[in-house]
Amino acid sequence: MMGGTFDPIHHGHLVAASEVQALFDLDEVVFVPTGQPWQKAASSVSPGEHRYLMTVIATASNPRFSVSRVDIDRDGPTYTIDTLRDLRRLNPDAELFFITGADALSRILSWKDVDELWDLAHFIGVTRPGYHLSESGLPADGVTLTEVPAMAISSTDCRERVVEGKPVWYLVPDGVVQHINKYRLYAASAPVVSTDPALSGVSVNGGLTDPATSASTAASASTSASAPSPTITPKDPA
Ligand SMILES: Nc1ncnc2c1ncn2[C@@H]1O[C@H](COP(=O)(O)OP(=O)(O)OP(=O)(O)O)[C@@H](O)[C@H]1O
Ligand SMILES: O=C(O)c1ccc[n+]([C@@H]2O[C@H](COP(=O)([O-])O)[C@@H](O)[C@H]2O)c1
């Protein structure tokens, strides 16, 4: 499994999961969006339902990828000890692996009940540009370090790019770009509140009221919000 805030999910997450799935011959990689990531500022984290939907959109085409709601459906701060217990209960015969990037692995000793984590899953630490991957201080038989293709992408950078009107195409899957634009996630402009009960309290673009037209509207919104047209100087016909 791979736990994360996924705000938004990006190709760094997906490449790491794909590489570990192949290297370790895993049957499945379950992406688990966090409920309340207690080590991140609550005010800066998007609603769980949006992060869940973006994770579903990003993983839908891969038959070995799936998404679990266990963390977003559990009240209170998200602790991996609870995630692992829930997944073990749901999959009593499965051998569990927890994929984590170098930055998250370096903070693992601060996680709740860390001494009990090693009995519940084997941790796979993966390389991430800008971070040092180390198993120092961690039980040798509990962690395996693995190199994955370097993707210098972070969710923080993706969010900042949206705020600045820069493109996030190719940093996140196309459907995630469309979801961000459709619901005006991360945008600096004043949002309105969704009438969709599943996304209650969630900010959306007020223009997207008709589902029949939302795709084309989202596409045009994406053009203006994320892919500004280059300035083209017409040739002088003379
Ligand atoms: N580019 C990447 N390469 C490898 N691992 C990554 C990469 N980005 C994130 N991860 C790992 O994926 C997991 C979930 O990360 P998370 O959802 O917090 O993404 P993030 O890009 O670090 O987000 P933020 O910038 O908001 O902190 C963590 O274990 C993290 O180390
Ligand atoms: O168990 C904890 O105390 C704990 C503290 C911080 C992070 N985690 C988990 O680590 C994973 C990556 O978290 P993050 O914040 O880097 O997105 C995710 O599954 C989190 O739930 C877990």
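A crossover is right-handed if, with the strands pointing away from the viewer, the path from the first strand over the helix to the second runs clockwise. I wrote that down before starting.

I am working on a predicted model, where local features need pLDDT of at least 70, side-chain atom pairs count only at pLDDT 80 or more, and totals for chains, interfaces and linings use all residues. Residues are numbered from 1 along each chain as its sequence is written, and chains are lettered from A and ligands numbered from 1 in the order in which they are written.

**Entry 1: strands.** I looked up the elements as DSSP runs, numbered from the N terminus: helices are H or I with at least four residues, strands are E with at least two. S1, H1 and S2 make a right-handed β-α-β unit. I then checked the pairing, which takes at least two DSSP bridges between two strands. S1 and S2 run parallel, joined by 3 bridges. Gly-3 has Val-32 of S2 as its bridge partner.

S2 also runs parallel to strand S3 (residues 65-67), again with 3 bridges. Here Val-30 stands opposite Ser-66. S2, helix H2 (residues 48-59) and S3 form a right-handed β-α-β unit.

**Entry 2: burial.** I called a residue buried if 20 or more other C-beta atoms, placed from the backbone, lie within 10 Å of its own. In S2, 5 of the 5 residues are buried, so the strand is largely enclosed by the rest of the structure. Val-29, Phe-31 and Pro-33 point one way, and Val-30 and Val-32 the other way.

Which residues of H4 are buried? I found Thr-80, Thr-83, Leu-84 and Leu-87. They sit on the same side of H4, because they cover an arc of only 95° around the axis. The arc is taken from the directions from the helix axis to the C-beta atoms.

**Entry 3: ligands.** I counted a residue as near a ligand if its C-beta atom, placed from the backbone, lies within 6 Å of it. Ligand 1 has 18 residues around it, and Gly-4, Gly-12, Gly-101, Ser-155 and Thr-156 are the closest. Two or more residues each come from helix H1 (11-23), strand S4 (97-101), helix H5 (102-105) and helix H7 (155-163). H1 gives the most, with 3 residues.

Ligand 2 has 15 residues around it, and Gly-3, Thr-5, Tyr-79, Thr-80 and Trp-111 come nearest. Strand S1 (2-4) and helix H4 (80-90) each supply at least two residues of this shell.

Technical notes
Buried ≥ 20, exposed ≤ 12 C-beta atoms within 10 Å, placed from the backbone.
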